[in-house]
Protein chains: 2
Amino acid sequence: MALVSHTVAPDAFGPAVALSCRECGARTPLAPDFACVECFGPLEVAYELPAGDPEGLRKQIENGPLNIWRYAPLLPVSPDVAERPSLNPGLTKLVKADNLARELGVTGSLYVKDDSGNPTHSFKDRVVAIAVEAARTFGFTTLSCSSTGNLAGAVTAAAARTGLRACVFIPHDLEAGKVVMAAVYGGDVVGIDGNYDDVNRFCSELIGDPAGEGWGFVNVNLRPYYGEGSKTLAYEICEQLGWRIPDQLVIPIASGSQLTKIDKGLKELIALGLVEDKPYKIFGAQAEGCSPVSAAFKAGHDVVRPQKPDTIAKSLAIGNPADGIYVLDIARRTGGAVEDVNDEQVVDAIRLLARTEGIFAETAGGVTVGVLRKLIENGVLDPAAETVVLNTGDGLKTLEAVADAARPTAVIRPTLDSFREAGLA
Amino acid sequence: MALVSHTVAPDAFGPAVALSCRECGARTPLAPDFACVECFGPLEVAYELPAGDPEGLRKQIENGPLNIWRYAPLLPVSPDVAERPSLNPGLTKLVKADNLARELGVTGSLYVKDDSGNPTHSFKDRVVAIAVEAARTFGFTTLSCSSTGNLAGAVTAAAARTGLRACVFIPHDLEAGKVVMAAVYGGDVVGIDGNYDDVNRFCSELIGDPAGEGWGFVNVNLRPYYGEGSKTLAYEICEQLGWRIPDQLVIPIASGSQLTKIDKGLKELIALGLVEDKPYKIFGAQAEGCSPVSAAFKAGHDVVRPQKPDTIAKSLAIGNPADGIYVLDIARRTGGAVEDVNDEQVVDAIRLLARTEGIFAETAGGVTVGVLRKLIENGVLDPAAETVVLNTGDGLKTLEAVADAARPTAVIRPTLDSFREAGLA
């Protein structure tokens with residue numbers, strides 16, 4: 001795919017210097033490319049990061065805006081990014097989850113990184129914000145994506161704020177909240193008669209077709225930039241802990257990109273001297289009904305065999321996860337694991353997190369908290385160590401999952417007698 | 001109502017020194033009381049605020065936590081409040097709404113204060129956080145409220161985080177999202193066969209009954225404390241503007257408490273020297289189907305005649321607003337106005353805000369943006385002045401309102417042919 005605009009400012013990508021192949025290491029200029037021309041491996045952003053003055057860099061970050069742009073010196077964005085229209089996601093709460101810890105028998109510190117606080121209430125605002133910057137730089141006028149729901153809303157909302165046209169693609173049978181949320185921001189929302197993997201395949205076709213000319217697909221031709229947004233989760237967690245890496249992180253797996261970029265972010269912080277170098281373990285969480293990475297981990301395989309998803313955790317329902325093999329690498333290298341839970345355990349975990357911490361998670365959050373619980377029960381995760389678990393989305397978008405379990409206790413007439421009759425007094 | 005706990009620490013309420021009657025000015029000690037024993041007027045919190053060193057106070061606030069507790073020196077809470085379990089709401093985004101301004105013909109600066117970024121996605125987290133502190137101080141063990149929906153979820157979530165029992169009361173026919181959100185955090189959610197005013201009357205009965213012993217009703221017997229939480233909206237807006245009061249504010253009216261407390265907060269900031277003294281205009285927004293304050297304003301009345309609500313803006317559907325007469329005072333004193341819009345205009349305004357700024361507002365936000373538009377069209381609000389409009393809730397909780405308008409553009413098969421047939425290429 002050719003560059004649409006050829007007048008890229010020299011500092012448009014900040015510290016990013018090239019795209020590099022994750023497989024063969026070949027480098028190529030910063031462009032809307034996603035596959036290595038040498039070996040077809042996935043491309044990622046390579047940097048020359050501002051090393052040498054960790055104290056100064058830490059101060060610069062701490063004095064920055066209260067969103068992901070405080071980390072602009074570590075992202076593929078222009079230094080003046082904070083001044084341009086953006087949804088300005090990030091700096092979501094890191095909640096000390098003492099009640100949840102007590103219920104789970106965790107004796108170390110337990111935190112929930114709650115990304116439901118983002119503008120469209122999922123972590124996707126982070127990745128889209130970076131993709132929008134790349135789209136603008138490359139001169140794209142339409143912002144697009146294949147999505148399991150959260151991404152569609154994040155893209156249409158970001159397009160609205162930044163004045164781009166949006167046309168997004170989703171499986172036709174998504175949760176009602178996610179469809180309305182994608183469509184309300186204007187732009188085109190196209191339902192595809194198929195699952196996410198069908199939607200994804202269709203987008204790859206469209207990108208090679210004249211109809212897709214001038215389109216920035218945030219998770220296809222802008223994917224190398226987009227993915228970098230997840231690094232900010234690592235940065236924020238460490239900064240919010242007082243510039244310290246936690247012992248253990250539990251992270252959901254859809255494509256696996258988020259988990260790999262959090263690991264990349266942690267390694268960067270160590271290399272820059274912003275945090276002390278120390279071992280950490282990364283655990284991946286999947287739903288049983290879409291557990292290709294978990295299955296490969298347990299079987300000791302190096303490859304991930306695609307599955308046909310069947311789970312209520314639709315935002316994680318990617319049967320052929322692009323970064324699955326890298327997730328396996330990271331879980332094994334750091335001494336972590338990949339585990340899965342069934343739909344009933346997902347609902348239980350959503351309710352557990354809600355009633356202990358007042359955090360209403362999406363099904364993806366239920367998967368992650370459910371896996372946390374399972375890993376503790378199985379003795380795989382150390383309950384005495386410091387643990388951070390991610391909630392990447394909002395329960396309001398997957399109401400269907402808990403609607404049967406979360407109902408009024410009673411309906412009464414507005415009288416004390418009726419109140420007493422209901423057994424509530 | 002007697003104090004449940006009599007061991008109130010001397011600094012438990014920080015700078016608050018008494019409750020004072022809004023009508024006759026009589027003072028009474030800080031207790032779970034809400035009506036003046038002299039004249040039955042509403043009680044509010046009176047302070048001895050930390051005057052004399054505005055520069056030092058401003059620094060203290062700026063170095064405080066990234067939530068409402070940064071304003072603890074101006075709130076009826078203990079100085080160490082930030083260290084206790086809380087949902088820690090506040091410091092939501094003040095969005096420069098240039099796209100919306102352009103569409104509305106606003107030439108001055110226009111901002112949206114977007115309180116959908118709070119933990120349970122409405123401004124209610126602010127008021128409940130203060131009420132929880134008072135409940136703890138008074139030794140209440142059950143947290144309760146009458147609610148049009150948002151408050152119920154804010155109360156049950158806060159109770160979960162802080163270890164209190166919750167029992168909340170809502171009209172039985174609320175939006176599905178609000179019911180699930182209230183119930184998911186545990187505790188009892190009781191549907192009342194009636195409207196909000198029926199629910200409210202029932203709670204007042206319950207509070208005088210032995211069955212309500214030990215219960216803190218955040219918007220009844222804890223109302224004076226609870227209401228103070230809305231002052232933080234004024235503090236944040238001014239701090240986020242660089243310690244400056246905007247020329248005009250557009251604020252929704254349910255009970256009217258929020259609007260009056262924002263005015264109180266602005267006056268405090270002026271008195272403390274934290275902002276320059278300058279004139280500002282406050283505009284109130286109602287839905288036509290529940291517009292008792294707007295009707296009184298237009299008719300030039302000093303009293304508010306109750307209405308039976310019939311509007312999609314259920315979170316504003318209070319037919320007998322407790323603070324209505326004070327709202328009239330403030331709108332008239334500041335040179336503002338009170339206006340209303342019909343349900344169709346509410347939906348249009350939700351979509352307008354979404355497609356221009358990527359902010360998905362609740363129906364209450366649609367009312368406020370709709371009224372902003374109407375006030376500009378009628379020449380009542382100055383389009384050249386600096387204006388802040390409040391979005392107090394989240395569109396995900398009132399999906400029903402826009403579900404017909406926000407639908408997929410098309411559903412297609414995952415092929416380029418199907419894409420072209422749908423006219424999308």
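**Exercise 1. The annotated lysine of chain A**

Task: Find out where A:Lys124, at which UniProt places the feature "modified residue: N6-(pyridoxal phosphate)lysine" in an unreviewed entry, lies in chain A, and decide whether A:Lys124 counts as buried or exposed.

Solution: The structure is a predicted model, and the feature name comes from the UniProt record, where the entry is unreviewed.
- Step 1. In chain A, the residue A:Lys124 belongs to helix H3, which covers residues 124–138.
- Step 2. Buried means under 20% relative accessible area, and because A:Lys124 has 18% relative accessibility, A:Lys124 counts as buried.
- Step 3. Leaving aside residues up to four places away in sequence, A:Lys124 touches A:Asn150, A:Leu151, A:Ala154 and A:Tyr226.

**Exercise 2. A serine in a loop of chain B**

Task: Determine which backbone nitrogen the side chain of B:Ser147 reaches at 2.7 Å, and describe the surroundings of B:Ser147.

Solution:
- Step 1. B:Ser147 is placed in the loop that runs between strand E6 (142–146) and helix H4 (150–162) of chain B.
- Step 2. With a relative accessibility of 1%, B:Ser147 counts as buried.
- Step 3. The side chain of B:Ser147 reaches the backbone nitrogen of B:Gly149 at 2.7 Å, while a polar atom of that side chain lies 3.4 Å from the backbone nitrogen of B:Leu151.
- Step 4. When residues up to four places away in sequence are not counted, the residues that B:Ser147 touches include B:Phe169, B:Pro171 and B:Tyr196.

**Exercise 3. The packing of helix H11 in chain B**

Task: Identify the elements against which the buried residues of H11(B) pack, and name the residue that follows H11(B).

Solution:
- Step 1. Helix H11 of chain B covers residues 324–334, and its buried residues are B:Gly324, B:Tyr326, B:Val327, B:Leu328, B:Ile330, B:Ala331 and B:Thr334.
- Step 2. These buried residues pack against helix H9 (257–271), strand E11 (281–287), helix H10 (292–299) and strand E12 (337–341) of chain B.
- Step 3. After H11(B) comes B:Gly335, which has a positive phi, near 80°.

**Exercise 4. An open sheet in chain B**

Task: Work out the order of the strands in the open sheet of 3 strands in chain B, and find the bridge partner of B:Cys21 in E3(B).

Solution:
- Step 1. The order is E2-E1-E3, and the pairing is antiparallel.
- Step 2. Strand E2 (27–28) and strand E3 (43–47) of chain B are the edge strands, since each of them pairs on one side only.
- Step 3. Strand E1 (residues 16–21) of chain B runs antiparallel to E3(B) and is joined to E3(B) by 5 bridges.
- Step 4. The bridge partner of B:Cys21 in E3(B) is B:Leu43.

Technical notes. Residues numbered from 1 in each chain as written. Chains lettered and ligands numbered in written order. Predicted model: local features only at pLDDT ≥ 70, side-chain atom pairs only at ≥ 80, totals over all residues. Heavy atoms only, no water. UniProt positions renumbered as here; feature names shortened; annotations may be inferred. Helix = DSSP H or I, 4+ residues; strand = E, 2+ residues; numbered from the N terminus. Buried < 20%, exposed > 50% of the residue type's maximum accessible area, 1.4 Å probe, protein only. Contact = heavy atoms within 4.5 Å. Polar contact = N/O pair within 3.5 Å; in protein donor to acceptor, adjacent residues only side chain to side chain. Pairing = 2+ DSSP bridges.
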